[in-house]
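Reader: Could you open the model for me and take me through it? I'd like to ask things as we go.

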Amino acid sequence: MSFITESIKNIKTVGTVTRSSKFLCKKMVEQTDFEDAKVIVELGAGDGVITKHILKKMPKDATLMVFEVHPEFCIALRKLDDPRLIIIEDTAEKIGEYLAQNNFTEIDAIISAIPFVVVPEAESYRIVEACKHYLKEMGTYVQVHYSLVKKKMYENVFGNVDISFVPLNVPPAFVLKSHKM
Ligand SMILES: C[S@@+](CC[C@H](N)C(=O)[O-])C[C@H]1O[C@@H](n2cnc3c(N)ncnc32)[C@H](O)[C@@H]1O
């Protein structure tokens, strides 16, 4: 219930009132092979539904840096209490600043649920371009959307995008995957 309450209060930044289904979470994490990953970043973690799937799959010595702007969701994220988790209660736009603070220079994989459909275009581009900048070569950027209106942005930034459809989610969702070439 708290996800629904928080989402309704902040619908312009949360972008939906339901958290991702287990089918969607699984589809998001299966896009990336985390086996040799050292640094994974999640954007727009909400109360941590995808975060838990990432933590289950990632190596014991890797770090998961999670960005979430809403304080209430960050309280829930801190309860996950995993030493591999770094919770950033700030916008993903500052990804470079927080990577530097933690002495990380590149990211192996990024998983994002930021609702770019409701984020101003220039800000969306700044975030996705910063993600590409810090991804390692052939690193993956995975994004969930409920429509394909933003597909062009990933084509423009990464030059490639693969799409999967997940019907078992409310609403049905698309998972977009791009590589840094
Ligand atoms: C659609 S919800 C996804 C929540 C959860 N990951 C899930 O899959 O159910 C999007 C989340 O992105 C967060 N968000 C929106 N803009 C953001 C930004 N610029 N930086 C970090 N998080 C942001 C919202 O607060 C919200 O929790």
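Predicted model: local features only at pLDDT ≥ 70, side-chain atom pairs only at ≥ 80, totals over all residues.

Reader: Which residue stands opposite Lys177 in β7?

Author: That is Asp162. The two strands belong to a hairpin, with six residues joining β6 to β7.

Reader: What about the peptide bond from Val170 to Pro171, cis or trans?

Author: The bond from Val170 to Pro171 is cis, with omega near -5°, and Pro171 is found in the loop between β6 and β7.

Reader: Which other strand is joined to β7, and by how many bridges?

Author: Strand β5 (residues 135-145) is joined to β7 by six bridges, and these two strands run antiparallel. Within that pairing, Thr140 has His179 in β7 as its bridge partner.

Reader: Is β7 mostly covered or mostly open?

Author: Strand β7 (residues 173-179) is mostly covered, seven of its seven residues being buried. Ala173, Val175, Lys177 and His179 point one way from the strand, while Phe174, Leu176 and Ser178 point the other way, and the residues of both sets are buried.

Reader: Stepping back, how many helices and strands does the protein have?

Author: The secondary structure comes to eight helices and seven strands. The protein is as compact as a globular protein of its length, because its radius of gyration is 15 Å, close to the 16 Å that the globule rule gives for 181 residues. Along its principal axes, the C-alpha trace spans about 35 × 35 × 30 Å.

Reader: And what share of the residues is buried?

Author: Buried residues make up 52% of the 181 in the protein. As for contacts with a separation of 6 or more, 66% of them are accounted for by residues 24 or more positions apart.

Reader: Changing topic, how many positive and negative side chains are there?

Author: There are 23 positive and 24 negative side chains, and the centres of the two sets lie 5 Å apart. The accessible surface comes to about 8,900 Å², with 55% of it belonging to carbon and sulfur atoms.

Reader: Now the backbone: where does Asp81 lie, and what is its phi?

Author: Asp81 lies in the loop between α5 (71-78) and β3 (85-88), and its phi is near 45°, a positive value in a residue other than glycine.

Reader: Is Asp81 buried or exposed?

Author: Asp81 is exposed, because its relative accessible area is 65% and the cut-off for exposed is over 50%.

Reader: And Asn103, what is its phi?

Author: Phi of Asn103 is near 60°, again a positive value in a residue other than glycine. Asn103 sits in the loop between α6 (95-101) and β4 (107-112), and at 69% relative accessibility it counts as exposed.

Key
Residues numbered from 1 in each chain as written. Heavy atoms only, no water. Helix = DSSP H or I, 4+ residues; strand = E, 2+ residues; numbered from the N terminus. Rg over C-alpha atoms; globule rule 2.2 N^0.38 Å. Buried < 20%, exposed > 50% of the residue type's maximum accessible area, 1.4 Å probe, protein only. Contact = heavy atoms within 4.5 Å. Areas by Shrake-Rupley, 256 points an atom, 1.4 Å probe, with all protein chains shown as cover. Lys, Arg positive; Asp, Glu negative; His and termini not counted. Charge placed at Lys NZ, Arg CZ, Asp CG, Glu CD. Pairing = 2+ DSSP bridges.
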